[in-house]
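Hello,

Here is the structure for you to look over. My notes follow below it.

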Amino acid sequence: MFRTFFGDVRNYGLLRKGYIYQQRFSLVNVKLKWVKDRKLDGAVAGQKDLKAVEILVSIIASSSECCLPIYRLNPHRGQLGLPIDLKVSTFIRRYPTIFVETNFLDSGGTPVPSFGLSPQALKLHHEQVNILEHDQLELRDRLCRLLMLTRDRILPLQTIDQLKWDLGLPNDYPSSFVPNHPDRFSLVRLPDNRVGLKLLLWDDKLAVSEILKNASLQQDQEDIKNGTLAFPVSFTRGFGFRRKCMEWLKEWQKLPYTSPYTNASHLDPRTDESEKRVVGVFHELLHLTLHKQTERKNVSNLRKPLGLPQKFTKAFERHPGIFYLSNKSDTQTVILREAYNGRELIQKHPLVRVREKLANLLKKGLHDKSRGYTRDIDESNSDIESEMDEYDSDGFPIITKEGWGRGG
């Protein structure tokens, strides 16, 4: 019965192909105000630094001596997302509980800083590696589903690179992960001469969206039968809804749900039904991420591969009950509301738990520095920031745009 239910739900979109649905709902011009959610903002705080630190840890740990000179780390700054006026060395020195600095003399006798890892950081890195090895198939399926969302089952590596941390992929996934699954993935040369990742095998078992998986628990049987599945919705306290908006949302939720894994070329992009499909695509994409969130800019290159209409990211603003847009850390981050209870993820992947340990180690180093416990390290590096006495609710430093540029 379990198999029969999912077979029916998964394929209902194909069954609908036998008739033409009359798309009666044009795209309604509804504007909903943005309301700040401090708890969800807290779920974003510190993520940018955590991501940059984790990438650096991975790069250093992969070196033969687990230590690299700064000139070997500088070429990776593009992956770190650091402000243009912040040196990699300055950023690294902010976290003495993660990175250990040594120096060697170059041919001219000038000291060259090198960075290794603290025992605690190295231990956490090994935990991550063990999880990735243990959960290879789960990670493989996650990447398969991402490619299955696209029209041509292929994405440029540059596009995947923007999402690799969110998806939990190894930093060097093209060389360390992809070759382990030659039956599923292939690296190919794209017409524009870039390298892309192509899906070789479509798996119907994976082509079931989270909405469809949870239909029996979250949806009315009549809605399941009609294919008019609704998205879980919740709003920040203080969110005021006009009657017109509430009526529109109720009608919109009753529109047919089109699985993000099915062909949606029959949908008119000017209709609310098409917008519901767009919401469904991003609802699924965010479910594929570990933290159920990603920076808005990370999806900017996905319009054509996903077959989405122009200005597709407007769906985030038109549906604040499904998505929350956080402006924390000088960027916009899209968060899936249903995945959080306050600021806490409801279901945490093992990699998320390791990242939480790493974040706590980062904060410990920052607090120790503010109390002078690492003064011996600070005094040996004249270009490090001398003032770090303001912290946000997560314990991460509040740094102004001017402050990003201080130090060497």
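Five bridges join β5 to strand β6 (residues 195–199), and the two run antiparallel. Arg189 stands opposite Val195 in β6. Two strands count as paired if DSSP finds at least two bridges between them. Helices (H or I, at least four residues) and strands (E, at least two) are DSSP runs, numbered from the N terminus.

This is a predicted model: local features need pLDDT of at least 70, side-chain atom pairs count only at pLDDT 80 or more, and totals for chains, interfaces and linings use all residues. Residues are numbered from 1 along each chain as its sequence is written, and side-chain values use heavy atoms, with hydrogens and water left out.

Now the whole sheet. It is open, has three strands in the order β4-β6-β5, and pairs antiparallel. β4 (154–156) and β5 (185–189) are the edges; each has a single partner strand, so one side of each lacks a neighbour in the sheet. Neighbouring strands are turned by 30° against each other on average, direction ignored.

Axes are lines fitted to C-alpha atoms, for helices over the stretch in contact (heavy atoms within 4.5 Å). Angles run from 0 to 180 degrees between N-to-C directions.

Last, Gly280. Its place is in helix α15 (residues 272–288). Gly280 counts as buried because its relative accessibility is 2%; buried means under 20% relative accessible area, with a 1.4 Å probe and protein chains only. Leaving aside neighbours within four places in sequence, Gly280 contacts Phe231 and Pro260.

Best wishes

Terms used:
Buried < 20%, exposed > 50% of the residue type's maximum accessible area, 1.4 Å probe, protein only.
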